[in-house]
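Me: Hi! Could you walk me through this model? I'll ask as I go.

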Amino acid sequence: MVARSSAVAQRVRLDHYGPSGRSAWLEVDWREHQRWIDVAGRAVNVVELGEGPCVIFIHGLSGSWQNWLENIPDLARDHRVVALDLPGFGHSSMPQERITMTRYAAIVDGLMDAMGIDAATIVGNSMGGFVALDMALQHPERVDRLVLVAAAGLSVEHMRNDRAMVALRRLERLITGYNGLIAARADGVSRRARLRRQVLRLVAAHPHLLPAPLVSEQLKASGKPGVLDAVEALTTYPIRARLPEIACPTLIVWGALDRLVPVADA
């Protein structure tokens, strides 16, 4: 697998990395399409654009709805596109109960009720992929199609190390504070290619090639309080044995150079 991944990596053309030209999302006044919706007693931040068959985007760990900025306007030409901040991330408040993938799926289910959406194509990235999987398992009538974009990875199942979690809890304020500092300086960091590379090198193969406005929007949503609870939930979520129960059409998308979730997990 290592040899194959290396060969794939050599074929990747960097001149096609990231968006080209001026992105459509820069022309959208997102304030007109954003609102908070009450789900299970908590305010969930949602953006909605377009009309037609519904597509719902679910972000990953430490992410936000802005992770989908490049995708939303294109799909909104002929779809009703909904993207949300999961509770504890972006501008959504922390959940009342402990974070789990199943409870996150219940939030998406409740959001669909509140928005009058019977069923949709559910798209999940990284941790959001596990939430999308749980939707397909717990609420199959809601999921017309499933799209998994580097979906967390089967290799993280049961990876939680108790000692590591204790250490992370002790460092929680420092981690959150550091991420918050980056978020507060997002515009300045994003304008400098070297800083973009340092800050995003864990999640992007070539962050210095990404447009500064796009990077800035990703960084602004970081430093949120749900991260460590979500890490614990993610690494204790049993999914492998239940995969055969998923009956809806499913598309799996992965990056050959994914630095965070191994492509072998596809």
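Me: To start, where is the place of Pro140?
Reply: Pro140 lies in the loop between helix 4 (127-138) and strand 6 (143-149). Helices (H or I, at least four residues) and strands (E, at least two) are DSSP runs, numbered from the N terminus. This is a predicted model: local features need pLDDT of at least 70, side-chain atom pairs count only at pLDDT 80 or more, and totals for chains, interfaces and linings use all residues. Residues are numbered from 1 along each chain as its sequence is written, and side-chain values use heavy atoms, with hydrogens and water left out.

Me: Thanks! What does Pro140 count as in terms of accessibility?
Reply: Pro140 is partly exposed, at 47% relative accessibility. Buried means under 20% relative accessible area, exposed over 50%, and partly exposed in between (1.4 Å probe, protein chains only). The C-alpha atoms of Pro140 and Glu245 are separated by 9.9 Å, and these residues are 105 apart along the chain.

Me: On to the strands. How many bridges join strand 3 to strand 5?
Reply: Four, with strand 3 (residues 54-58) and strand 5 running parallel. Two strands pair if DSSP finds at least two bridges between them. Strand 5 also pairs with strand 6 in the parallel sense, over six bridges.

Me: Which residue is the bridge partner of Ile56 in strand 5?
Reply: Ile122 is, and Ile122 also stands opposite Leu146 in strand 6.

Me: Is strand 5 mostly covered or mostly open?
Reply: Mostly covered: five of the six residues of strand 5 (residues 120-125) are buried.

Me: And the largest nonpolar core, how many residues has it?
Reply: The largest core has 45 residues, and Ile56, Leu84, Met101 and Leu146 have the most contacts inside it. A nonpolar core here is a set of buried Ala, Val, Leu, Ile, Met, Phe, Trp, Tyr and Cys residues joined through side-chain atoms within 4.5 Å. A second, separate core of 16 residues includes Leu49, Val55, Val123 and Leu214.

Me: New topic: why is helix 10 largely enclosed?
Reply: Helix 10 (residues 227-234) is largely enclosed by the rest of the structure because six of its eight residues are buried. Those are Val227, Leu228, Ala230, Val231, Ala233 and Leu234.

Me: Last one: is Val203 buried or exposed?
Reply: Val203 is exposed, with a relative accessible area of 54%. Val203 sits in the loop between helix 8 (193-200) and helix 9 (212-220).
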